[in-house]
Every structure is written in structure tokens, then in C-alpha cells.
Amino acid sequence: LEDPVTFVGGHPWAVVVDHERDTIGFGPQPDRDAGDGVASGVVEQVGDDLHVVLVHPEIPWNTGSVGRTCLAAGAQLHLIEPLGFSLSERAVRRSGLDYWVRVAPRIWPDWASLELALPSLGEPSFFSADAERAFWDVDCGARTVLVFGGESSGFPSAIRERWRHRLVGVPMADPALRSVTAQMTTLGVE
């Protein structure tokens, strides 16, 4: 292979495939123009650099898919109550989420609790269908927080208004689509 490392995706954060070490990780793409070596961008585990927040998620299968994506990428999943489903052991097992204990989501009792911690987590981007700018146009910091609203109604109006300056969207070729799922968006970002 010409390059020992492949970055999948055009965003500064990307899935990293290290062909020499036979590992897959997630991390920032190195700035090749600044002289960074390709291998310097390899990250085997993100740790605290990437957070995915689901505000009032309603559908357990969607949340499970996002959790699986977070687990694969090394991102921390945060769930804001109320949830539209139970996280009891029995309910999680019935949904086929046998890996859920490894996802280890942080559960927050309400948005206000997470919002207080937001500065320590990173730079937030709030995904919304009515955003005026694309996520790809946002300069993400070293620590990034991807925030998604509930499946049927998006963000509560108070969150949307307070964070309007941080609303971002995912450009879609078909304008008739209402939205893409959080899982698909996190896959695209990652």
C-alpha cells in the first residue's frame, strides 16, 4: 500500500485504518500541509474527545444503533431523560443490545444537568433540520460534542433558541427528505 494509514471521510474527524498495525481507530486527520506525519493521526481510542448526546430519544433501536456506533468509534454516549423506552436489563436484552453494558451511556436527568457540564465536554454542534449551515462548514475543536434531538420533534424550543448559533445540518441531495437518523449522521461525521 502507498499509505500505511487510510482516513475514511473528508471531515477533520475520521475513521482511521492503520494497515501496518491492523487496527481501526478514530481521530483527527493530520494536517499534511503542516508536515504532520500520517501516523500521527492514528488514534486507537478517543476517550474524552468525542461525545454524542441524544436529547429525549424515543426509539430504542435507533438509540442502540447510535450506541453501537459510539462503541466502535470510542465515543461517549449521553442520554437525556425522559427516554421513550426503558433501559432495564430485560428491555435492553429484548432489544438485542447484548453489547449495551460496554456502551456505558451516561444518563442525565434533564438537559439543564448536561448543559452545566457541556463546557468540560467540548464544542457542541446541534443537528437540526432547520439549521442554516452545514456541519462540514464548522471548525470543530479537539473535543467535540454532537447533539441530536428526539426522533419525532427534534429539540425542545428552549434548546433550539438558546443554541441557535450552534445549529448545524447535514446536506442532503434530496430536499424532500425530512432528516437522516442520528446513527447515520454520526457515521458520516466519524
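This is a predicted model: local features need pLDDT of at least 70, side-chain atom pairs count only at pLDDT 80 or more; totals for chains, interfaces and linings use all residues.
User: What does the span of helix 1 reach?

Analyst: The expected span of a helix is 1.5 Å times one less than its number of residues. Helix 1 covers residues 60-73, 14 residues in total, and its first and last C-alpha atoms lie 20 Å apart, close to the expected 20 Å. Glycine 74 follows helix 1 and has a positive phi, near 80 degrees.

User: Which residues of helix 1 are buried?

Analyst: A residue is buried under 20% relative accessible area, exposed over 50%, and partly exposed in between (1.4 Å probe, protein chains only). An α-helix has 3.6 residues a turn, so residues three or four places apart point the same way. In helix 1, the buried residues include Pro60, Thr63, Val66 and Cys70. Across the chain, buried residues make up 42% of the 190 residues.

User: In which sense do strand 4 and strand 5 pair?

Analyst: Two strands pair if DSSP finds at least two bridges between them. Strand 4 (residues 50-55) and strand 5 pair in the parallel sense over five bridges, and histidine 51 stands opposite glutamine 76 in strand 5. Strand 5 also pairs in the parallel sense with strand 6 (residues 106-108), over three bridges; there, histidine 78 has arginine 106 of strand 6 as its bridge partner. Strand 5 (residues 76-80) is mostly covered, with four of its five residues buried.

User: Which unit do strand 4, helix 1 and strand 5 make?

Analyst: A crossover is right-handed if, with the strands pointing away from the viewer, the path from the first strand over the helix to the second runs clockwise. Strand 4, helix 1 and strand 5 make a right-handed β-α-β unit.

User: Is glutamate 115 buried or exposed?

Analyst: Glutamate 115 lies in helix 4 (residues 111-121). Glutamate 115 counts as buried because its relative accessible area is 18%. Contact means heavy atoms within 4.5 Å. Leaving aside neighbours within four places in sequence, glutamate 115 is in contact with Arg162 and Trp163.

How values were computed: Residues are numbered from 1 along each chain as its sequence is written. Side-chain values use heavy atoms; hydrogens and water are left out. Helices (H or I, at least four residues) and strands (E, at least two) are DSSP runs, numbered from the N terminus.
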